[in-house]
Structures are given as structure tokens and as C-alpha cells.
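Visitor: I am new to this structure. Please take one part and look at it closely with me.

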Amino acid sequence: MKSIPISDLRQRVADVIDDVQATEEPTVVMQRSRKAAYIVNPERYERDQAELSTLRRAVFLAEVREAEAEHQAGEARHFDDVEQLLDELQG
């Protein structure tokens with residue numbers, strides 16, 4: 001991944017954007033030696049967001065299936081109230 005100081009970006013913003021669009025390689029913008037932002041090709045960003053959404057959905061569905069299997073096997077835990085459940089989830 002390429003990186004560029006923010007001071008250089010101010011002077012070369014059009015060139016940097018052209019390069020990101022041509023190569024699809026993100027560029028990290030550095031400010032005081034720390035990551036401040038990423039410049040990403042919009043198609044890549046949208047593709048990555050769609051993939052992330054798909055992965056999150058797959059994880060959620062796997063967790064639901066696991067909970068259903070526990071419930072059917074009689075292994076599901078019971079909670080008297082929501083506060084008890086929240087304490088268990090946080091602890």
C-alpha cells in the first residue's frame with residue numbers, strides 16, 4: 001500500500017487520485033507520522049463493503065444455526081430477565 005504525507009497530497013491530489021483509480025491500490029494519507037485517511041478506488045470500496053456485508057451475514061446465520069441446535073438439544077441457557085442476559089454477554 002502506498003502512503004503519502006498530507007502536505008504532499010495537498011500539492012498532488014489530482015495525481016494521487018488518478019493513480020488510485022488506475023491501480024486500485026489504496027493510498028494512506030499520513031499526518032504527523034500517523035494514518036489520517038485512506039484514498040480508495042470507489043469500485044474497490046463498494047466491492048469490499050459488499051464482501052464485508054456478505055461475511056457478516058454468514059457469521060450471523062452461523063450463530064443463529066448454532067443457537068437453534070443448542071436449543072433443540074436442550075442446551076440453551078435460560079435467563080430470568082434481560083439484565084441477567086446482558087450481564088452474561090458482557091462478562
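Guide: Start with the largest nonpolar core of this predicted model. Six residues make up that core: Ile 4, Leu 9, Val 16, Val 20, Val 29 and Ile 39. Helix H1, residues 6-23, is the biggest contributor, with three residues.

Which residues of H1 are buried? They are Leu 9, Val 16 and Val 20. The buried residues of H1 pack against three strands: S1 (2-5), S2 (27-31) and S3 (34-39). Take Val 16 as one example. Leaving aside residues up to four places away in sequence, Val 16 touches Ile 4, Leu 9, Thr 27 and Ile 39.

Now the shape of the helix. H1 has 18 residues. A straight helix would reach 26 Å at 1.5 Å a residue, yet the end C-alpha atoms of H1 are only 20 Å apart. Where does H1 bend? The bend is at Arg 12, and it is about 90°.

H1 also carries a charged link. Side chains of opposite charge can pair when their charged atoms come close. Asp 19 and Lys 2 meet through their side chains in a salt bridge, at 2.4 Å from N to O. Asp 19 belongs to helix H1 and Lys 2 to strand S1, so this pair ties together parts 17 residues apart in sequence. Asp 19 is partly exposed, at 27% relative accessibility. Lys 2 is partly exposed as well, at 32%.

Step just past the end of H1. There Glu 24 takes a positive phi of about 60°. Glu 24 also forms a salt bridge with Arg 47, where the closest N and O atoms are 3.0 Å apart. Glu 24 sits in the loop between H1 and S2, while Arg 47 lies in helix H2 (residues 42-72), so the pair ties together parts 23 residues apart in sequence. Glu 24 is partly exposed, with a relative accessible area of 30%. For Arg 47 the value is 45%, so Arg 47 is partly exposed too.

How many salt bridges does the structure hold? It holds three. One of them joins Asp 48 and Arg 44, at 3.6 Å from N to O. Both of these residues lie in helix H2, four residues apart, about one turn of the helix.

At the start of H3, a side-chain oxygen of Asp 81 comes within 3.1 Å of the backbone nitrogen of Glu 83.

Note on methods. Residues numbered from 1 in each chain as written. Predicted model: local features only at pLDDT ≥ 70, side-chain atom pairs only at ≥ 80, totals over all residues. Heavy atoms only, no water. Core = buried A, V, L, I, M, F, W, Y, C linked by side-chain atoms within 4.5 Å. Buried < 20%, exposed > 50% of the residue type's maximum accessible area, 1.4 Å probe, protein only. Helix = DSSP H or I, 4+ residues; strand = E, 2+ residues; numbered from the N terminus. Contact = heavy atoms within 4.5 Å. Expected span 1.5 Å × (residues − 1). Bend = angle between axes of the 7 residues up to and from the residue. Polar contact = N/O pair within 3.5 Å; in protein donor to acceptor, adjacent residues only side chain to side chain. Salt bridge = Lys/Arg side-chain N within 4 Å of Asp/Glu carboxyl O.
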